[in-house]
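Please look over the local geometry of the protein shown here.

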Amino acid sequence: MPSKIFADVILPLALSRSYTYSVPEEFEGMVVSGKRVVVQFGKKKLYSAIVHVVHDRVPEKYQTKDILQVIDDEPLVVTSQIRFWEWMSEYYMCTLGEVMKAALPSALKMESETFICKGENVDIAFSDNEEMLLNHLKDDKKVSIQDLLSALDLPNPMGIIKSLLDKQAISINESIESIYRPKIETYISLHPTIRTEQDINKLFEDIKRAQAQQKLLMAFLSLTTTKQSVFSAKILKKLLIEKAQVSTSVLNAMLQKEIFQEDYQQVSRLDDAKSQVQDEYELSPNQLKALDEIKENFETKQVTLLHGITSSGKTELYIRLIAEEIAKGKQVLYLLPEIALTSQIINRLRRIFGSRVGVYHSKFSDSQRVEIYKGVLSDEAKPGQPTFDIILGVRSSLFLPYKRLGLIIVDEEHENTYKQYNPAPRYNARDSAIMLASMHGAKVLLGTATPSIESYFNAQSGKYGQVDLNERYQGMQLPAVKVINTIEARKRKKMKSHFSDDLLFEIDQVLAKKEQAILFQNRRGFAPFIECNECAWVPKCEYCDVSLTLHKVNNQLVCHYCGYAIQSPSNCLACGSPALQTKGFGTEKIEEELAIFFPQAKIERMDLDSTRSKFSYDRIISEFESGKIDILIGTQMVTKGLDFDRVSFVGILNADNMLNFPDFRAYERSYQLMSQVSGRAGRKNRQGLVLIQTAQPNHPIIEMVVNNDYMGMYATQLNERKAFKYPPIYRLISISLKHKNQSTLKKAADQLAYGLKEKLGNNVLGPESPPINRIQGMFIMNILIKVGRETSVSRIKGMLSYFIDYLKQTQEFRALVVSPDVDPM
């Protein structure tokens, strides 16, 4: 008798282990690693799960359930992906289910939807409401509970459903429904019985009294191109209707008369990227030298750091390397830190590589992301399903099913937006890209003008290769940097609101020359908070320990942590005084006040609030590129790798809020942000100007930005981190504990910290409450573990997992949420 086959599956849930299901005989041979299967987990819930391992080992502790359905003909997740998931789960201390949820587009995970249908016991007495619900159910049809609730206005509908279930008048059916539907277009062609010119002439004779039908036939003939025979031509239905300007009823009549026939084709939802392919730009001697050095480094090192100053032409080097990989038949992943950057880069890549480039990020619809996913998975193009050799995307594009990966480019590698914070997995895309590349035998190029301390340390210590590009393209000069002391300016009455006289003068000069300016303020909204001048009352979020930010556009006070919002009050809610005053300033306030100083200028804002819609990034960037916008105000979105020819002036409105942030990386980030936003100025033909407003003009970091002294910043920061045991000398693991009850939280945090300190001593800091110690109704405490380079990180993680599991077994701490974060940013 053949042995029974079992499959361990990955469920899209935060489960600490995989679960085993038995494979029914009819599915033997069909169930393989990477395919999706439908399984029951719990009493009534169905899930689509990924097959992890197929084996013949009988589970000892529980009776297995059968796999109910095999969804895929071919594996949806390739072997290398599963290896990558396993590594991420182990390294970042999360579950495989959490990685699966992050890795697959929602439309591929499918959803469990509850349906009800009529049961056997329908001949007993029912209440009026029960009768109404039963009458809505057709004898042979099942209806989802969601649809039923929408159609019927019943009091306590779930109670009625439960009552009918108890009476066995209805039954519950749990079904897996796929969210993804291929996009289908309808095409119109002549009926196969129409084969000659004489047949067409006869048609016109037959419909001579039907003018609308004649019009439609003429429109069809006019839309057929000279290259295609009129008898084999297929015209898009909506295009034909639009051309003829008739109703669909006219077309339906001609379909019934067998003049036309309909044909359905699957098409892509993605942009048809048939832009004219152009040659690359000619490289400068400096760029050619850097390109050769990168290739030399790749012969001995898997990772190379390209340290090129702003506007040195790094993107052109990327394009040459991409072309070489594609010529070898390889795939290339081009990672960017912000969705905003994809708008500019995609145009440059498509001018060179045409439709071989795919874009993958969260602003795309789920169905579009599925098409990209399947395009990477498939090695041959199918109707409505393109294939891609180059993927341009943000951190989530790491999870695509690469089979021929040859190169990963991580542009602006220093950016903290490569780090995923919530939910798990809390991975760093830059570090994960290096591991993904090693699994594929691929190379990694890290590119930036301001390397992270960790990456530069790795390059200096010989772990990575290093290539420097110290000249701007075509010998352009770096921008001049001018520092304004805001304390002195206010004393001398040279500040108007938040703008120094120098800043307003420079903007005026820019506008007079028909050039453009960028103003950087790293805080969105109108004002960080409002305060009563009488009693000092400040409105706070009900669920978070934070003040509400004023958004004047919709006159709301909004919590940037949980989304809680109230209308902005006209009087103090504590003492009733009307003397409410805004404190601080955000991008909204800058936009409003700048319009007073420059009423003729076209001013646009680029922050999270102004770029929520799908095409908002593209619109703002294309309008700024074409010169329709004179002044662009933005948060850190405007600092990252954007390239605008006409920008000659950049203003940093408040450097102090970055420098004073309580974090060991504050100085590094301040240098990077100011240097990067400065690099947007004077990128073509002329030297630009950068103006920094600060109350600390003699601050070392400000002076380093003025002198473009990256090495000075690196040396001082590295010395401090050696002294205080921070990366890259030590590794960090942060543990966040959350609970609704503050005293329970403190007790749990103390207990966990005590256990860790017994083993690790002074390398454990905390527990401490963060500056914002309550978010979404949950109190927070943090513990930080410092791990020396000589210490086994795996051993520390194992110890931490043991302590967390032990803690959560205590009844008092069952509701405790513990989130480890490896390599926090």
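The model is predicted.

**Helix 15**

Helix 15 runs over residues 429-440. Its twelve residues reach 16 Å from the first C-alpha to the last, close to the 16 Å expected at 1.5 Å a residue. The helix is mostly covered, with nine of twelve residues buried. The buried set is A429, R430, S432, A433, I434, L436, A437, M439 and H440.

At the start, a side-chain oxygen of N428 comes to within 2.9 Å of the backbone nitrogen of R430. Just after the helix, G441 has a positive phi of about 70°. In the loop between strand 16 and helix 15 sits P425. A cis peptide bond links A424 to P425.

**Helix 4**

Helix 4 spans residues 128-136, and its buried residues are E130, L133 and L134. Seen down the axis of helix 4, they fall within an arc of 100°, so they line one face of the helix. D128 and N135 are exposed on the other side of helix 4.

**Backbone features**

Most residues other than glycine have a negative phi, and most peptide bonds are trans. The table lists departures from that pattern.

| Site | Feature | Value |
|---|---|---|
| A424 to P425 | cis peptide bond | omega about 5° |
| G766 to P767 | cis peptide bond | omega near 10° |
| M93 | positive phi | about 55° |
| N708 | positive phi | near 50° |

P767 belongs to strand 33 (residues 764-768). M93 lies in the loop between helix 1 and helix 2 (96-103). M93 is buried, at a relative accessible area of 16%. N708 is in the loop between helix 23 (700-706) and helix 24 (710-724). N708 is partly exposed, and its relative accessible area is 39%.

**A loop residue**

Is L573 buried or exposed? L573 counts as exposed because its relative accessible area is 60%, and the cut-off for exposed is over 50%. L573 sits in the loop between strand 26 (565-567) and strand 27 (580-583). L573 and V538 are 35 residues apart in sequence. In space, their C-alpha atoms are 9.3 Å apart.

Conventions: Residues are numbered from 1 along each chain as its sequence is written. This is a predicted model: local features need pLDDT of at least 70, side-chain atom pairs count only at pLDDT 80 or more; totals for chains, interfaces and linings use all residues. Side-chain values use heavy atoms; hydrogens and water are left out. Helices (H or I, at least four residues) and strands (E, at least two) are DSSP runs, numbered from the N terminus. The expected span of a helix is 1.5 Å times one less than its number of residues. Buried means under 20% relative accessible area, exposed over 50%, partly exposed in between (1.4 Å probe, protein chains only). A polar contact is a pair of N or O atoms within 3.5 Å; within protein, one must be able to donate a hydrogen and the other to accept it, and residues adjacent in sequence count only if both atoms are side-chain atoms. The arc is that of the directions from the helix axis to the C-beta atoms.
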